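Here's a quick look at the aromatic rings and who they pair up with. Have the viewer open while you read.

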Amino acid sequence: MSALGSIWAICAQNFRKWRTDYRIWTIAVLMLIMVAIFMDNMKKVADGIGADMPIWTFPFLCSEFHTKLIFTVPVILLFCSAPFIDENQMFVIMRSGRNKWLCGQILYIMIASALYYIFLLAATLVFTVFTGELTLDWGKAIIAMAGNPSVFVPGMPVFIYVNELVPKYFSPLLAVWFTFILSWFSAMLIGAVLFTCNYLTGTKALGMTISTVLVIFPAVTTYMKTKFEWFSPISWNSLNRVDVGGFTEYPPFEYCMTVYSSLIILLFAAAFIFGRKKDLDKKG
């Protein structure tokens, strides 16, 4: 089997385990419920201003730190079992070699991270496509909500924030694309932290601790000066925490992608360099 074929086979083996992994199914069900609640709140706001339900809501899923926690914590659960060692994996490592096995696990983290946010995007569309305003524009509701808290129904616990710069400078499809890229890389960073830390230490404590701090830190930066956002990678998985047009003090998109890419590459490189001769067992 070619090297690429071996790497893909190792990656695909992890996905086959999803069929019987109750953790994966639990994440999927919980996220469907949370998206449904989010969309219901969005509908209440739209009804309150006499507008149709908007369908382009994915860019605003993580705009509030409450929802950022809700939709980002499952990424930790998705990769908490890294480095995905079991009896079968030990045989795979012996047969394919350590480097191919590592490449297969990295490919799995990359694809699984993308699938998670594709799932959330699809869920927002499924919950609105039959009742929402079918348009490639933002629609009346999003435009009315943009930077205008007065449109929200008084007393309703709505965790929705529409940054006025997003509909002003992005089309819906462009905002979805940039949000997906930022979210995808933020998930890959969490996966890289969990995989590398768990793999090199043989325990899950360090990886869980660092990834949890990364996910919680955006809630802290909400009440701190804007400059701290430059050191909070998970904050950047929504466009309201990324500079648009040079009008804010938030980090620009190029900076975010450079930091994401650099950290991910460094973490996976550390797994290759320092884990080359590491003894493995089912605990990592």
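## Aromatic pairs

Trp101 is buried, at 0% relative accessibility, where buried means under 20% relative accessible area, exposed over 50% and partly exposed in between (1.4 Å probe, protein chains only). Before going on: this is a predicted model, with local features needing pLDDT of at least 70, side-chain atom pairs counting only at pLDDT 80 or more, and totals for chains, interfaces and linings using all residues. Residues are numbered from 1 along each chain as its sequence is written, and side-chain values use heavy atoms, leaving out hydrogens and water.

The structure holds 19 aromatic pairs. Rings of Phe, Tyr and Trp (its six-membered ring) pair if their centres lie within 6.5 Å; planes under 30 degrees apart count as stacked, over 60 as edge-to-face and the rest as tilted. Here are two of the pairs:

| Pair | Centre to centre | Angle between planes | Class |
|---|---|---|---|
| Phe60 and Trp138 | 5.5 Å | 50° | tilted |
| Trp101 and Tyr199 | 5.9 Å | 50° | tilted |

Helices are DSSP runs (H or I, at least four residues), numbered from the N terminus. Phe60 is buried at 1% relative accessible area, and Trp138 is buried too, at 6%.

Trp101 belongs to helix 5 and Tyr199 to helix 8 (residues 172–201), so their pair ties together parts 98 residues apart in sequence. Tyr199 is buried at 0% relative accessibility.

Then there's a cluster: ring pairs join Trp177, Phe180, Trp184, Phe185, Trp230, Trp236, Tyr255 and Tyr260.

Technical notes
Helix = DSSP H or I, 4+ residues; strand = E, 2+ residues; numbered from the N terminus.
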